[in-house]
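Dear colleague,

I am passing on a structure that you have not worked with before, and I would be glad if you looked through it alongside the notes that follow.

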Amino acid sequence: MNNVLKKKRANKSSLPFFFKSSFKVSFTIILISLILLITTFSFDAVPPILNRGIQPATFPKALLVLIIFLTSVVFYLSIKTPWKKESKLPKSFFVTLIAFVLFLVIAKTLDFFLAISVFSALVSYYWGEKRIFYLLTVSILFPIIVFIFFETFLGLRFPPGIITNIYYN
């Protein structure tokens, strides 16, 4: 009886993979993404005359497949290097949430392109990038890449705003 009392409970590394938190999180994300991916197959196709760029259902499908792939990679990496437990969420998490709200405010009131610039610079800074050159590069280059992608490949226009009106006029 003393032997049983002295033995410690099984540690987390000895649990089967489906009891680990990394599996639960990854499984939940992949399950939701698969459900959404299945629903995209019921989207109506746009006639070729109305189609500007790719079909409306193609972008969500590609995005969901990318989410599933990246979640699988993160799960694989978490098996190699287990996640460490945090007692509280880091400050950068809350700043990112505030940055999303700020993004919405700037996008609705001033300009969507400007909102992407401010959001990318703010998030990059609070995630640890302190070099001004790289912050400026991210805040200028990332919105330009997004703009080119939506404008040329998808054939979609940005909503009117300060910077986008200069481009469109």
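This is a predicted model: local features need pLDDT of at least 70, side-chain atom pairs count only at pLDDT 80 or more; totals for chains, interfaces and linings use all residues.

**Contacts of isoleucine 30**

Leaving aside its neighbours within four places in sequence, isoleucine 30 is in contact with Ile68, Thr71 and Ser72, where contact means heavy atoms within 4.5 Å.

Residues are numbered from 1 along each chain as its sequence is written, and side-chain values use heavy atoms, with hydrogens and water left out.

**The chain as a whole**

The chain has seven helices and zero strands, these being DSSP runs numbered from the N terminus (H or I of at least four residues for helices, E of at least two for strands). Of its 169 residues, 22% count as buried, a term that stands for under 20% relative accessible area, with exposed over 50% and partly exposed in between (1.4 Å probe, protein chains only). Among contacts between residues at least 6 apart in sequence, 54% join residues at least 24 apart.

Not counting residues up to four places away in sequence, serine 22 touches Phe75, Ser78 and Trp83, and its C-alpha atom is 8.1 Å from that of proline 82, which is 60 residues apart from it in sequence.

Aspartate 111 lies in the loop between helix 4 and helix 5, and it counts as buried because its relative accessibility is 0%. Its side chain makes a polar contact with the side chain of threonine 164 at 3.0 Å and reaches the backbone nitrogen of phenylalanine 113 at 3.1 Å. A polar contact here is a pair of N or O atoms within 3.5 Å, where within protein one must be able to donate a hydrogen and the other to accept it, and residues adjacent in sequence count only if both atoms are side-chain atoms.

**The second largest pocket**

About 280 Å³ of space lies in the second largest pocket, the volume being the space filled by probe spheres set on grid points that are joined across faces, edges and corners. A pocket is an open set of points on a 1 Å grid over the protein atoms alone, where a 1.4 Å probe fits, with protein on both sides within 12 Å along at least five of seven lines, and lining residues have an atom within 4 Å of a point. The lining consists of 13 residues, of which Phe100, Ile116, Phe119, Ser120 and Phe142 lie nearest the centre, and helix 5 gives the largest share, six residues.

Serine 120 lies in helix 5 and is buried, with a relative accessible area of 7%. A polar atom of its side chain lies 3.1 Å from the backbone oxygen of serine 117.

**One salt bridge**

How many salt bridges are there? The count comes to one, taking a salt bridge as a side-chain nitrogen of Lys or Arg within 4 Å of a carboxyl oxygen of Asp or Glu; glutamate 129 forms it with arginine 131, the closest N and O atoms being 2.8 Å apart.

With kind regards
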